[in-house]
2 protein chains.
Amino acid sequence: MMHLKTMPSEYRIRFLPIDRIIPAEEGENLLEIAMKAGVHINASCGGRGVCGKCRVRMAEGSLGSSIHPSISEGDHTMGFRLACASSVTGDAVIEIPLESQVDRSVLRRSTIMSDVDAGAIDGGLLREYGREPLVERHKLDLPRPDLQDNVSDAARITRELAPRLGCEELLLPLKVLRGLGTGLRNADWNVTVDVDVGVRREVTGITKGDREKSHYAIAVDIGTTTIAAQLLVCVGGASEGVILASSSDYNGQISFGEDVISRIMYTRKRGGLKKLQDVVVSTINLLIGELLYEGGIDPADISHIVVAGNTTMMHLFYGVEPKHIMLAPYAPLATAFAPVACSEIGVKTAAHTRLFAIPGVSSYVGGDIVSGVALSGMTESDEVSLFMDIGTNGEIVLGNGQWLLCASCSAGPAFEGGGIEFGMRAAPGAIEKVRVNPVTLEPMILTIGRAKPLGICGSGLIDIVAELFLAGVIDRNGKFSLDKTAARVREGVSGREYVLCFAAETNIERDIVLTEIDLDNIMRTKAAVYAGCKVLLEHGGLAFGDLGMVIIAGGFGHSIDVEKAIAVGLLPELPAERFRFMGNASLGGARIAAISRRFFEKANQVARSMTNIELSNDTQFMDEFMAAMFLPHTDDRAFPETIKALKGGSGFRVPGSGS
Amino acid sequence: MMHLKTMPSEYRIRFLPIDRIIPAEEGENLLEIAMKAGVHINASCGGRGVCGKCRVRMAEGSLGSSIHPSISEGDHTMGFRLACASSVTGDAVIEIPLESQVDRSVLRRSTIMSDVDAGAIDGGLLREYGREPLVERHKLDLPRPDLQDNVSDAARITRELAPRLGCEELLLPLKVLRGLGTGLRNADWNVTVDVDVGVRREVTGITKGDREKSHYAIAVDIGTTTIAAQLLVCVGGASEGVILASSSDYNGQISFGEDVISRIMYTRKRGGLKKLQDVVVSTINLLIGELLYEGGIDPADISHIVVAGNTTMMHLFYGVEPKHIMLAPYAPLATAFAPVACSEIGVKTAAHTRLFAIPGVSSYVGGDIVSGVALSGMTESDEVSLFMDIGTNGEIVLGNGQWLLCASCSAGPAFEGGGIEFGMRAAPGAIEKVRVNPVTLEPMILTIGRAKPLGICGSGLIDIVAELFLAGVIDRNGKFSLDKTAARVREGVSGREYVLCFAAETNIERDIVLTEIDLDNIMRTKAAVYAGCKVLLEHGGLAFGDLGMVIIAGGFGHSIDVEKAIAVGLLPELPAERFRFMGNASLGGARIAAISRRFFEKANQVARSMTNIELSNDTQFMDEFMAAMFLPHTDDRAFPETIKALKGGSGFRVPGSGS
């Protein structure tokens, strides 16, 4: 519990179950108070009163709340309110419902999973690109000045270091010069010098004594939902481990909207951009603190940080205007950011820690994708591969060592829980696996953490749609079939719906259902991804069958069931061995870039060589999209096995179905 | 007069004749109050109570002053006090004596004089090095983004500009990116981009519309005593004029000590370095304001500023620790400073104005000397030249296109008025020319501005010593001869002295005299300079006779009488046509560097190729120094004409002497 010594504000708002008390003024917006308090409440529309996600319960006290269609009269009586539509009128105790809370445990799990893969990939890349970190660290034992040799302190460093670096001149910025005279003498002329060798040779920091071996870096993947960071060992051989510690958390910006568009909308408010920058920097600072603690590392040991993220996240992180990302023709302000000192944007490490970013390509193909593509090895081969990252947007990259095409499919947030009545992110209580008995149509579900169900995450949605489709409950148009009736299929408020869990079985005391509106959203999402891939292939004069490899990156990829994803037509029907899962490839690329200058250069070259295909106004894409708005697809020839299974009743094995 | 609305302090101190009232607390130091008030009082020891220069007169009220040998009992009764040894005890009216005030008119005159020379030198250098300013200015008419071409705003600029600059990548710093999106659209994609092409290709600023032709720079010479600045036209041919306006003022740091050592001493006080930086930046800002006003130029038109100054001035201007400049073995912190935004150190122009510095060589051979040497053309020839800048220190450079040796002679401040009882800087009322009738020994004097005499400046000191020496009043040891008596030669407080002006003729109501202590200081100064030159020549295996040219730079050089300087042994005895005066060569070099990138590179190369000879502990220098402590020198063969004149009674024509 937080104790505040002085509370000049009129009222106190207490949040449960985390038990945090926040002072508030008459009329203040409840969602904004929660944001100030660091209390996470789902709010996918950015507080615009549209999504109805920010349900809270007023347990005590009063609130001024406007009526909202998503709160029934009965719920209202029980105290349920939308936080974004409520304002302070007095003291209040507010309960945050379980489904609205975020839980970090699932993130830790996925980070650990990707760590397991990391060793082998890292070793291969480091053998190829070399372990030469972006910021080199050199111990110097300088000769003391005397009357025969009294060149300036700065020249003394350059004279020693430039030949080692194979250059004539070194940039010593004013910031480094300040305090150098006293610093060198206090250190008795034994110092460790950090040099940025990534873009230009610039001294970034000078520390006392020999710290050449205490040399670490940090890689950060700044996702819209999640931020993951790793503490990296800069010195060592290719076969030695790189990761010393890992940490992750939800991006604090979630409270300001779940998708990038909501975040950009928020920046249009006065001070909004600054606020979002502060929040993401705070999350990163928290993770850095954990990494340093876990690794037993001093901030001065961190010579540099490499970040990767989508283009919107980069704009918000660096604090530059993101507006044009969402306005046609979607020209971002920048896709590359020059190296700066971390302190310049508030990232808390040592004063000398340098910040690099993996460059992106366009407004919707960012540095996270470039980082993943560089890591995937697809550019090392003549064989054409397809790289996919399906999150809020589906970003796809097609190509090989000679050429790269990329696009963003505007897939919509269905697989992240957006636009789905009981959709949620992959967190404890999320239904992640579903099987439906084709005879009884009764479901069998598994939740993350095996907790009482709270909602459905992306992999669960794919499973349920595939199962209901194969069981004939959903027809090829993606609508509930009128032929099939069952206890679980009923008329709901917004058309037909399938009940996955009855209220008593859940942790939210409401039936968890899949509605026809949900189906619409899932259909659009899967159709957009498939159509995007098809368009890229046709740009390259290829078909799905020509693909050597389909690489699936991102957190969503981890839990996806390829068979089910093929059954709904999200993924192409290819042999299972051609699919490869990469986990957090964005973080992986940032990691290798941090400890291998040549890999960072490769990532830059990947960004430069990608040709961005803008799908948003492409007529071919619209045609392909319409063709994919069918289960699995209008073109049966593209999904022969799925069609066979469908015709055979159930060619897919359904474990435990009793059949 | 300044009006202050609130005066919470106890007392008021009024300064005359400028009539400025300053509130003060009991016990505050009078010199510090004067500094706060912006009232200049000479104080060559930095307020340490040593030099006795900060004489003021308490016209009314009270002061707590300690007794000081430089204030006689009679003077004390008349209200004279040392400001640095006085503290506030009540209200007071303080008169600043005329000789302590600074007057800018003489600076303006010398600036105008150097402007006259500038045209020819500039034209020659610009034809050789080209008029390509350090910061280029490019007008871009960018294609608007559309769905077929929606690369980022930053990439849009790079794509257009990089081929023009012949490079692949351009650095766009975060500072420039901020606001770029809105800026480009507000400007309807017509912008002018400033690019630093000096050290690396970096975009320094982007402004709306076409400003390609409104392109100006500023050159600044930061002298210990004087700061001179010029507004420069960047565009045009080699033969077109470069200087649009000129301005100069005393360096505001004068109040904190007249020489570099006093300034460095001041930085040891808490906040002292910051204070001195603020003061010099304020002086420069004042000059910039004047230049912009005079030129009718907008701050946004100034793409860059180039500064040159001695090593101490550069440390103070950039705000880095200068301590080790005055401590053996005299290794400065830096002699080169990387380009920064002017705003980073408080220089007020546009946000995008970039700041460059001409690099120096050592603690006592700074960027001012490098700038002058580059301008002098001595490195364009095989003939060996000697470059001299005699101010508080005598900096000398010997060499040609193949090699350069440099040294600082620790000449002492005699020629700037330091250590001389009635010494003063070259300002109105300073005695600048003196002739002595060899028969009557009566002097004829000329003052700057033909004002009533206030004191003696450097050229006047050389004249009077040469004349008294040739007239036999001063012997070859530099002492008053006991053989020669005259009404003007008398016993003073500190030994013999020669009266140049009796009190009634002066503006200070005291006799202006040359004392034996003054003579000692002048002898040391001239001996140090000559000995330094001799040592450099011997390092090069040369003698004075081998010199093709002796180049005299600096304000002092302007008024010097070569014949007299030879007679006292300050300059070597060479034909008059071998001497060349360059005026403010430091400013000239900064000027050409600003508008010619290749000349700036040349200056950098000059700095790198100079070998610094440390004289302070050199036994050969000590020997040469002792040999030069004679008039003109112990070695008669080096000064045959002077010796002949001496033996002949007066071989030098003394106009108006009646002989």
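Where in chain A is the place of Asp194(A)? Asp194(A) lies in strand S7 of chain A, residues 190–196. Before I go on, the conventions: this is a predicted model, in which local features need pLDDT of at least 70, side-chain atom pairs count only at pLDDT 80 or more, and totals for chains, interfaces and linings use all residues. Residues are numbered from 1 along each chain as its sequence is written, chains are lettered from A and ligands numbered from 1 in the order in which they are written, and side-chain values use heavy atoms, with hydrogens and water left out. Helices (H or I, at least four residues) and strands (E, at least two) are DSSP runs, numbered from the N terminus.

Back to Asp194(A). Its relative accessibility is 1%, so Asp194(A) counts as buried; buried is under 20% relative accessible area, exposed over 50%, and partly exposed in between, with a 1.4 Å probe and protein chains only. Leaving aside residues up to four places away in sequence, Asp194(A) touches several others, among them Arg137(A), Glu202(A), Ser303(A) and His352(A). Contact here is heavy atoms within 4.5 Å.

Next, the domains of chain A. The assignment gives domain 1 (10–100), domain 2 (134–214), domain 3 (216–368), domain 4 (377–413 + 523–648) and domain 5 (423–512); the bounds come from an automatic or database domain assignment. Taken over C-alpha atoms, the centres of domain 2 and domain 4 of chain A are 47 Å apart.

Now the two chains together. Chain A superposes on chain B by a rotation of 180° with 0.1 Å of shift along the axis, at an RMSD of 0.2 Å. The two copies are thus related as by a two-fold rotation axis. The superposition is by least squares on the C-alpha atoms of residues with pLDDT of at least 70 in both copies. Which residue of chain A comes closest to the rotation axis? That is Arg200(A), with its C-alpha at 4.4 Å. As for the interface, 100% of the interface residues of chain A are also interface residues in chain B, so the copies meet through the same surface.

On to the sheets of chain B. Two strands pair if DSSP finds at least two bridges between them. One open sheet has 5 strands in the order S2-S1-S5-S3-S4, with mixed pairing. Its edge strands, each pairing on one side only, are S2 (20–24) and S4 (80–82) of chain B. From one strand to the next the twist averages 45°. Within this part, S3(B) and S5(B) run antiparallel and are joined by 7 bridges, and Leu63(B) stands opposite Val88(B) in S5(B).

Another open sheet has 3 strands in the order S19-S18-S20 of chain B, again with mixed pairing. S18(B) and S19(B) pair in the antiparallel sense over 5 bridges, with Arg435(B) opposite Met444(B). They form a hairpin with 6 residues between them, and Leu441(B) in the turn has a positive phi of about 65°. S18(B) and S20(B) run parallel, joined by 2 bridges, and Ile431(B) stands opposite Ile456(B) in S20(B). Helix H11(B) packs on this sheet, touching S18 and S20 of chain B.

Last, that helix itself. 13 of the 13 residues of H11(B) are buried, so H11(B) is largely enclosed by the rest of the structure. Gly472(B), with a positive phi near 85°, follows H11(B).

Conventions. Axes fitted to C-alpha atoms, helices over the stretch in contact; angles between N-to-C directions.
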